[in-house]
Amino acid sequence: MEEKLTLFKNRKRFGIEKNIDLIFKNTTLTLSSLVGIVLFGIILVVFFQSFESFSRYGLKFLVTSEWNPVKDEYGAFTAIYGTLVTSLLSLLITIPLGVGTAIFITEDFVPKFVREIVGSFVELLAAIPSVVLGLWAIFVMEPFFREFFVFLHKFFGWIPLFSSEPAGRNSLLAIIILVVMLLPIVTSIARDSLNQVPKKLRNASYGIGASRWKTIFSVILPAALSGIMAGVLLALGRAMGETMAVTMIIGNSNAFSWSLLSPGYTISSMLANQFGEADGSQVSSLFYAAFVLMILSLVVNIFAQWLVKKFSLKY
Amino acid sequence: MIMNSLFYQKKLSRNVGDKFFTSLSVFCALIAILPLIFVVTYILIKGGAQITPELFTLEPNPPGDDLDAGGINPALIGTLVITTIASIISIPVGVGGGIYLAEYSNGGPFSKFIRFGVNVLAGVPSIIAGVFIYALIVSTKILFGSMYSGLAGGMALSILMLPTVIKTTDEGLKLVPNELRYASLGIGASMYTTILKITLPTAFRSIATGVVLGIARAAGETAPLIFTALFSYYYIVGFEDLFYEMGSLAVLIYNFALEPYDAQNKLAWAASFILVISILTVNIFSRILAAFTEKTKRV
């Protein structure tokens with residue numbers, strides 16, 4: 001009994017050890033709150049830097065496409081339009097391609113090791129730096145598609161999207177390189193959500209006589225839809241913010257054109273091109289454009305996260 | 001017809017449809033693997049042909065109709081320096097933050113907000129990180145009066161690495177079985193000892209893999225560097241060079257790909273070769289390591 005009591009007494013920790021514990025906890029707490037600080041810092045800094053331009057041009061900035069540092073006239077419509085069009089169109093191409101590939105990886109058409117190789121090839125594609133893809137796009141992809149673009153203009157020139165003579169660097173090339181960059185994102189997230197669909201659903205569907213693709217279209221894809229949607233939104237956010245490859249291949253022209261075969265602009269390529277040499281009110285206008293880009297990608301990202309949270313626990 | 005009804009009938013519309021969609025899916029997969037094959041092949045051929053010993057030791061010559069472009073030594077060292085700075089900033093912050101999320105937080109509003117913030121920060125376009133550091137450090141000359149500097153570039157990259165490091169730490173620690181924690185606390189260790197001596201070492205491999213992948217990703221980032229670290233043609237010789245413009249492989253590729261001269265373009269291919277080979281090596285190696293760990297998992 002007495003022995004137990006002395007043990008009990010010794011259970012107390014030394015003050016210094018308690019303090020170390022407390023200091024450690026508070027340090028990690030501070031470090032984790034740095035994430036929030038950096039995030040708010042980015043939003044606030046970009047907002048305040050753009051304030052001058054914002055108060056001068058207001059929302060007119062978003063709908064005019066004059067960009068003239070000499071006359072101090074700024075409007076980012078071309079860039080905003082370019083950002084939205086390139087990202088949405090590239091997504092439109094990527095979705096079927098990525099989901100199709102994800103289905104190939106999750107179904108058992110071919111032996112498992114082949115599927116694993118395809119899966120890791122697609123994932124390794126994501127590891128290639130975007131500036132390298134840009135270099136490749138300039139010297140390999142552009143010559144490859146040149147003839148095709150001439151053909152496209154010749155036979156489909158009546159569609160406004162192809163109405164101009166194909167330029168050496170143009171929006172359509174930017175869209176194609178974006179597809180290459182988005183493919184790994186859409187594919188890997190779609191694959192993960194397809195893998196999460198319980199096997200029971202598949203067996204039940206087979207059991208009542210549905211064929212393989214009837215099962216995929218009516219049971220598996222709907223069950224995985226929310227995950228795939230979230231992946232698509234994440235890819236959209238990435239596409240809007242993607243800078244290097246797009247800047248290198250889109251042609252960087254602020255002249256507005258409906259045609260995808262003429263040079264275009266995106267917000268991020270405008271920033272990459274002009275930020276280094278800008279001064280005066282141009283800097284503020286560039287910050288304004290950056291602020292627009294940030295809001296766009298924040299909205300898309302937050303919506304994606306909300307979607308994941310809302311639907312992820314269905315099964 | 002009735003006799004055959006139990007056999008597979010090729011011409012049935014459901015079977016024809018199945019065949020069609022299966023080939024469509026195979027077609028998608030084929031298209032999906034083409035880009036990697038093409039990109040890697042071209043980089044191996046076009047970049048590999050440029051690899052010479054001088055490439056690693058010389059400074060690049062300024063663009064002109066000079067046939068000899070020189071080497072990429074400053075950019076190579078610059079990438080190493082800038083990535084190291086980014087790691088020195090983001091690894092302690094990220095691992096510390098991850099420890100808080102996984103070990104101390106109890107799923108309350110604060111940790112929910114931080115996890116949300118990590119995901120949002122991961123989605124912030126990389127060029128915005130450059131714009132942010134430009135406004136905060138380059139234009140204010142806050143770092144001892146220097147404007148564009150390797151240090152600023154490293155800070156911009158660290159913002160991009162931070163979410164990756166926190167996420168991997170958080171997820172790596174969450175995989176450590178609670179029994180280990182109970183055992184350690186049960187024999188009287190404090191939280192601090194438990195984390196540093198038990199949980200962190202157990203999760204070390206998965207955290208290290210994630211962090212190394214994050215570093216590899218950061219090494220290829222260009223957008224945050226083009227107006228923070230800018231570019232330099234000159235050797236990095238000493239510590240004070242941190243406060244001046246610093247070249248990097250990624251920015252070298254960007255600048256020289258857009259030059260009209262063949263010599264510079266070739267240098268860009270050579271830099272891509274080195275960058276892609278190192279990044280792919282790290283990726284493939286960590287993939288093999290992960291597969292190996294999966295097989296030999298004890299817990």
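Helices, meaning H or I runs of at least four residues, and strands, meaning E runs of at least two, are DSSP runs numbered from the N terminus. On that basis, chain A reads α-α-α-β-β-α-α-α-α-α-α-α-α-α along its sequence, with 12 helices and two strands.

Before I continue, a word on the source. This is a predicted model, in which local features need pLDDT of at least 70 and side-chain atom pairs count only at pLDDT 80 or more, while totals for chains, interfaces and linings use all residues. Residues are numbered from 1 along each chain as its sequence is written, and chains are lettered from A and ligands numbered from 1 in the order in which they are written.

Let me turn to overall dimensions. The C-alpha atoms of chain A fill a box of roughly 100 × 65 × 35 Å along the principal axes. Chain A has a radius of gyration of 26 Å, whereas a compact globule of 315 residues would have one near 20 Å; the radius is taken over C-alpha atoms, and the globule rule is 2.2 Å times the number of residues to the power 0.38.

How is chain A divided into domains? The assignment, which is automatic or from a database, gives domain 1 as 12-49 and domain 2 as 53-311. Their centres, taken over C-alpha atoms, are 36 Å apart. Four residues of domain 1 of chain A are in contact with five residues of domain 2, contact meaning that C-beta atoms placed from the backbone lie within 7 Å. On the domain 1 side there are three nonpolar residues, one polar and no charged. Here Ala, Val, Leu, Ile, Met, Phe, Trp, Tyr, Cys and Pro count as nonpolar, Asp, Glu, Lys and Arg as charged, and the others, Gly among them, as polar.

Next, the partner chain. In the contact between the chains, 70 residues of chain A meet 70 residues of chain B. Helix 2 of chain A, residues 15-49, gives the most to the chain A side, with 20 residues. By class, that side holds 45 nonpolar, 20 polar and five charged residues.

A residue is buried if 20 or more other C-beta atoms, placed from the backbone, lie within 10 Å of its own, exposed if 12 or fewer, and partly exposed in between. Of the 315 residues of chain A, 45% are buried. Why does G209(A) count as exposed? Because 8 other C-beta atoms lie within 10 Å. G209(A) sits in the loop between helix 8 (199-207) and helix 9 (212-241) of chain A.

Technical notes. Two residues are in contact if their C-beta atoms, placed from the backbone, lie within 7 Å.
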